[in-house]
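Student: I should like to learn how to read a protein structure step by step. May we begin with a single residue and then widen the view?

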Amino acid sequence: QSSFDAVPMAPTDPLFGLMAAYKADTHAKKVDLGVGAYRDDNAKPWVLPVVKKADAIMRDDPSLDHEYLPIAGLQSFTQAAARLILGRDSPAIADQRVSSVQTISGTGAVHLGAAFISKFYPRQQNQPVFLSNPTWANHQQIFSNVHLPTTTYPYYYPPTRGLDFDGFTEALRTAPEGSIVLLHACAHNPTGVDPTREQWVEIAKIMKANNLFPFFDCAYQGFASGDLDNDAWAVRHFVEQGFELCVAQSFSKNLGLYGERAGVFHFVSGSMERQKRIASQLAIIQRSEISNPPAYGARIADLAMNRPELFEEWKVNLRTMAGRIITCREQLVAKLRERGTPGDWSHIMKQIGMFSFTGLTEEQVKKLREEWHIYMTKNGRISMAGLNSHNIDYVATAIDKVVR
Ligand code: PMP
């Protein structure tokens with residue numbers, strides 16, 4: 001007998017369940033296209049050379065200790081992170097209108113923003129936060145954990161395996177004034193479908209007209225196109241248009257620091273004076289939740305951004321990762337065409353970043369897993385980084401067979 005007898009069993013996280021099933025599979029040709037983590041051409045995790053160098057520098061530094069970081073984290077890191085996403089010459093930075101708080105990676109940054117909004121954003125009762133349909137599986141529960149209801153806006157358009165721009169913009173036009181809209185800054189997860197720059201301009205115009213609040217989730221800067229500035233374009237455009245907005249920034253993918261939990265939450269406000277009040281409240285939330293953030297990943301990212309020679313090396317490493325993924329996209333499409341696989345596969349080339357929404361049905365996904373030992377989420381999303389020169393022919397053959 002316990003007061004907790006009524007606790008129901010929660011379902012296991014589907015992605016982590018998929019990982020376990022892959023691990024347990026003993027087939028020699030098994031392929032993991034589930035997990036969103038970069039792999040090299042030998043399907044191994046890649047410690048970025050820039051991270052190895054930063055780590056060596058840290059180890060040689062006799063002044064480093066294990067003291068607590070400040071509540072808002074390592075300032076040289078969070079400030080460099082603000083310049084990275086907003087641009088070196090951002091007027092918001094020059095005007096001291098940006099509050100930047102180090103978080104438990106991107107997840108913690110989304111959470112801190114959600115907690116702040118829940119506490120301070122004036123909303124009508126039950127006014128929902130708008131999430132793309134579909135979106136990263138964690139968004140909905142992060143917001144609902146802080147008692148913010150969510151709803152969705154149309155995003156993915158199955159017939160083209162591209163963007164439902166009309167549905168998206170219509171939802172923005174008709175959303176209750178002042179609604180919060182979560183946007184993926186680049187490399188949309190799970191679809192790989194991003195708006196074009198022209199479309200972003202239009203999205204910003206409509207959001208401005210309807211006084212909507214943009215909440216950017218930026219988990220793939222530099223990882224998508226290989227170019228840090230290019231992948232930050234949408235966020236910078238919104239800042240230029242004079243929005244107050246926030247950004248959840250992750251260094252998991254672009255520095256390969258998954259387990260180190262390096263991230264930053266930025267709030268860009270309209271005035272320095274307001275910024276100071278917002279920063280003071282973010283610090284209160286942070287203090288009550290984690291006291292202060294972890295140091296190691298932040299120190300690595302700090303060196304990668306602030307040492308000019310390491311920053312140059314990081315950019316090369318980013319091009320290596322993004323380049324390999326883009327090559328895999330080209331090769332997969334070429335191999336499907338070679339096989340005369342039914343369907344138009346050009347969307348795989350048009351999509352960007354870690355993931356591709358293949359358009360494979362749940363039934364086909366099941367067959368790929370049961371008959372070919374190829375693992376992907378049941379919505380047909382594949383992690384492009386799971387492909388490599390050793391398995392891409394096998395995967396193309398398997399897809400060809402299951403769609404016929
Ligand atoms: N947002 C999106 C859209 C993501 O894809 C991810 C990583 N899967 C995250 C946030 C957060 O990742 P992390 O907490 O490792 O930074």
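Student: In which helix is alanine 109 placed?

Tutor: Alanine 109 has its place in helix α5. Please bear in mind that this is a predicted model.

Student: Is alanine 109 buried or exposed?

Tutor: The general idea is to count neighbours: a residue is buried if 20 or more other C-beta atoms lie within 10 Å of its own. Alanine 109 counts as buried because it has 25 C-beta neighbours inside 10 Å.

Student: With which residues is alanine 109 in contact, leaving aside its neighbours within four places in sequence?

Tutor: Beyond those neighbours, alanine 109 is in contact with Thr103, Ala248, Gln249, Ser250, Gly263, Val264 and Phe265. Distance along the chain and distance in space are separate matters. Alanine 109 and alanine 262 are 153 residues apart in sequence, and their C-alpha atoms are 9.7 Å apart in space.

Student: What is the C-alpha separation of valine 129 and glycine 386?

Tutor: These two are 257 residues apart along the chain, and 33 Å separates their C-alpha atoms. Valine 129 belongs to strand β3 and counts as buried, because it has 25 C-beta neighbours inside 10 Å. Setting aside neighbours within four places in sequence, valine 129 is in contact with Phe143, Leu148, Thr150, Ile180 and Leu182.

Student: Let us turn to the ligand. Which residues come nearest to the ligand?

Tutor: There are 13 residues around the ligand, and Ser105, Gly106, Thr107, Ser250 and Ser252 come nearest. Helix α5, residues 105–120, gives the most to this shell, with 3 residues.

Student: How many residues of the shell are nonpolar, polar and charged?

Tutor: The shell around the ligand divides into 3 nonpolar, 9 polar and 1 charged.

Student: How many residues has the largest nonpolar core?

Tutor: The largest nonpolar core has 117 residues, and those with the most contacts inside it are Ile85, Leu172, Val181, Val235, Ala301 and Ala304. Helix α13, residues 308–338, gives the most to this core, with 9 residues. Take leucine 172 as a case: apart from neighbours within four places in sequence, leucine 172 is in contact with Tyr153, Val181, Ile203, Ile206, Met207, Asn210 and Leu212.

Student: How should I read a helix such as α3, and which of its residues are buried?

Tutor: The general idea is that an α-helix has 3.6 residues a turn, so residues three or four places apart point the same way. Helix α3, residues 75–86, has 12 residues and reaches 16 Å from its first C-alpha to its last, close to the 16 Å expected at 1.5 Å a residue. In α3, the residues Phe77, Thr78, Ala80, Ala81, Ala82, Leu84, Ile85 and Leu86 are buried. Just after α3, glycine 87 takes a positive phi of about 100 degrees.

Student: Why is helix α12 described as largely enclosed by the rest of the structure?

Tutor: Helix α12, residues 296–306, is largely enclosed because 9 of its 11 residues are buried. Among them are Arg299 and Asp302, together with Ile300 and Leu303. The buried residues of α12 pack against α2, α3, β2, β10 and α13.

Student: What should I look for in the backbone itself?

Tutor: Most residues other than glycine have a negative phi, and most peptide bonds are trans. Departures from this pattern deserve a note.

Student: Where does asparagine 211 lie?

Tutor: Asparagine 211 lies in the loop between α8 and β8. It has a positive phi of about 55 degrees although it is not a glycine. Arginine 261, also not a glycine, has a positive phi of about 60 degrees and is found in the loop between β9 and β10.

Student: Are these two residues buried or exposed?

Tutor: Asparagine 211 is exposed, with 12 other C-beta atoms within 10 Å. Arginine 261 counts as buried, with 21 C-beta neighbours inside 10 Å.

Student: What is the mean pLDDT of the protein chain?

Tutor: Where pLDDT is low, the predicted coordinates should not be read in detail. Here the mean pLDDT of the protein chain is 96, and 100% of its residues reach 70 or more. The model scores ipTM 0.99 and pTM 0.97.

Notes: Residues numbered from 1 in each chain as written. Predicted model: local features only at pLDDT ≥ 70, side-chain atom pairs only at ≥ 80, totals over all residues. Near = placed C-beta within 6 Å. Helix = DSSP H or I, 4+ residues; strand = E, 2+ residues; numbered from the N terminus. Nonpolar A, V, L, I, M, F, W, Y, C, P; charged D, E, K, R; others polar. pLDDT = per-residue confidence, 0-100. Core = buried A, V, L, I, M, F, W, Y, C linked by C-beta atoms within 7 Å. Contact = placed C-beta atoms within 7 Å. Expected span 1.5 Å × (residues − 1).
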